[in-house]
Amino acid sequence: AVERTLSIIKPDATRRNLTGKINAKFEEAGLRIVGQKRLQLSEAQAGAFYAVHKERPFYKDLVSFMISGPVVVQVLEGENAVAKNREIMGATNPANAAPGTIRKEFAESIEANSVHGSDSAENAATEIAFFFAGTEIVG
Ligand code: CMP
């Protein structure tokens, strides 16, 4: 089925001017960028977005990293978009990411791993609503 998923190009990638190269990976794989904006997240916003990781040891560093520079938040649309985006991104830890994936090619570390993608259709709906008004998504 055609789905939507939430993607974030993280500060390590915007800092290195990789937005276009990352978007090319999505588009080459058949995902359409139907919503997109560049934002400087506040600490409160980043903390709320990653609230599910609140108890994890990496939470504080993750929030600091996510506010260390601009991010690009995006809505990707396509057949099986949630799973497809996870394939294109590769494993969370770039050391384990498959050749050709965004994280293999671009990520600096498990934390500065260049992109975020929703992990389920249910979370995708929540994450898209976190950043986008309905009128900001044009399919
Ligand atoms: P993301 O897919 O955005 O979801 C949570 C993020 O936490 C993850 O990508 C990484 O950027 C970051 N992170 C930092 N350390 C870890 C870790 N040990 N395990 C998982 N995620 C981590």
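Predicted model: local features only at pLDDT ≥ 70, side-chain atom pairs only at ≥ 80, totals over all residues.

Reader: Thanks! How far is an oxygen atom of the ligand from an N or O atom in the side chain of His116?

Author: The distance is 2.9 Å. A polar contact is a pair of N or O atoms within 3.5 Å; within protein, one must be able to donate a hydrogen and the other to accept it, and residues adjacent in sequence count only if both atoms are side-chain atoms. Residues are numbered from 1 along each chain as its sequence is written, and side-chain values use heavy atoms, with hydrogens and water left out.

Reader: Got it. What about Lys10, how far is an N or O atom of its side chain from an oxygen atom of the ligand?

Author: For Lys10 that distance is 2.7 Å. Arg103 also has a polar side-chain atom 3.5 Å from an oxygen atom of the ligand.

Reader: And how much of the ligand does the protein bury?

Author: The protein buries 78% of the 450 Å² that the ligand exposes when taken alone. Those areas come from the Shrake-Rupley method with a 1.4 Å probe; for residues, only the protein chains shown count as cover.

Reader: Which residues are around the ligand?

Author: Among them are Tyr50, His53, Phe58, Thr92 and Asn113.

Reader: New topic! Where is Leu6, and is it buried or exposed?

Author: Leu6 lies in strand 1, residues 2-9. Strands (E, at least two residues) and helices (H or I, at least four) are DSSP runs, numbered from the N terminus. Leu6 is buried, because its relative accessible area is 0%; buried means under 20%, exposed over 50%, and partly exposed in between (1.4 Å probe, protein chains only).

Reader: What does Leu6 touch?

Author: Leaving out residues up to four places away in sequence, its contacts include Phe49, Asn85, Ile128 and His116, and a side-chain atom of His116 is the one 2.9 Å from the ligand. Contact here means heavy atoms within 4.5 Å.

Reader: Where is Met89, and which residues is it in contact with?

Author: Met89 is in helix 5, residues 81-89. Beyond neighbours within four places in sequence, Met89 is in contact with Thr101, Ile102, Arg103, Val115, His116 and Gly117. Met89 counts as buried because its relative accessibility is 1%.

Reader: What does the side chain of Thr14 reach?

Author: It reaches the backbone oxygen of Pro70, at 2.7 Å. Thr14 is in helix 1, residues 11-15, and counts as buried because its relative accessibility is 8%.

Reader: Last one: what is phi like at Asn17?

Author: Asn17 has a positive phi of about 65 degrees, although it is not a glycine. Most residues other than glycine have a negative phi. Asn17 lies in the loop between helix 1 and helix 2 (19-28), and it counts as exposed because its relative accessibility is 68%.

Reader: Which loop holds Asn80, and what is its phi near?

Author: Asn80 is in the loop between strand 3 (71-79) and helix 5, with a positive phi near 55 degrees. Asn80 counts as partly exposed, because its relative accessibility is 44%.

Note on methods
Near = heavy atom within 4 Å.
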